[in-house]
Amino acid sequence: MCSSDLTISVFITLKFLQIGGEYFFIWLWLFSFVVLLFLMTIYPVVIAPLFDKYTPLQDGPLKSRIEALAASINFPLKKLYVVEGSKRSAHSNAYLYGFFNNKRIVLYDTLIKGYVSVCFGGQVLVFGVLQHILTIFLF
């Protein structure tokens, strides 16, 4: 965090202290909640594509297996993407994002080279079904 971000954060916190009085922490939590919700909504659509190239996963056995797995557990999967992670690292990863019935899974291209992709896709689906993102966000 750079010094200007820290200055803004301290300023906002002090303003909530002045305005909120004894219950400033509730107002500060509410403000943080709204800002995080906004950032979580725009990050995958606006910010992340500025740094990486996202392409839809091509039709094939991997896509059909992940979609079948999602359908078997009633997971509202809308899209499967592949991100070019190999230009920076050989690390394999997968993640999901989205709220409610608009969930998407992103697989790194380094992950697709191996057969382990369905396992990662399954793990990401488990996080979605168990609402880990919502739980982490709220607590």
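Here is the tour, with a few ground rules before the stops.

This is a predicted model, so to speak: local features need pLDDT of at least 70, side-chain atom pairs count only at pLDDT 80 or more, and totals for chains, interfaces and linings use all residues. Residues are numbered from 1 along each chain as its sequence is written, and side-chain values use heavy atoms, leaving out hydrogens and water.

Stop 1: Colour by secondary structure and look for an open sheet of four strands, in the order 1-2-4-3 with mixed pairing. Strand 1 (54–56) and strand 3 (94–97) are at the edges; each has a single partner strand, so one side of each lacks a neighbour in the sheet. From one strand to the next, the twist averages 30°. Strands (E, at least two residues) and helices (H or I, at least four) are DSSP runs numbered from the N terminus, and two strands pair if DSSP finds at least two bridges between them.

**Stop 2: the pairings.** Select T55 and V82: they are bridge partners, and strands 1 and 2 pair antiparallel over three bridges. Next, pick K79 and its bridge partner R104 in strand 4; strands 2 and 4 run parallel, joined by six bridges. Finish with L96, which stands opposite I105 in strand 4. Strand 3 and strand 4 (residues 103–108) run antiparallel, with four bridges.

**Stop 3: strand 2 and its cover.** Is strand 2 largely enclosed or open? Five of its seven residues are buried, so the rest of the structure largely encloses it. Buried means under 20% relative accessible area, exposed over 50%, and partly exposed in between (1.4 Å probe, protein chains only). Now show helix 3 (residues 61–72), which lies across strand 2 (77–83) and strand 4, at about 145° to strand 2.

**Stop 4: a salt bridge.** The structure holds one. Select K63 and D59, whose side chains meet at 3.3 Å, N to O; the cut-off is a side-chain nitrogen of Lys or Arg within 4 Å of a carboxyl oxygen of Asp or Glu. K63 is buried at 18% relative accessible area, while D59 is exposed at 70%.

Stop 5: F25 lies in helix 2 (residues 24–51) and is partly exposed, at 46%.

Technical notes: Axes are lines fitted to C-alpha atoms, for helices over the stretch in contact, and angles run from 0 to 180 degrees between N-to-C directions. Contact means heavy atoms within 4.5 Å.
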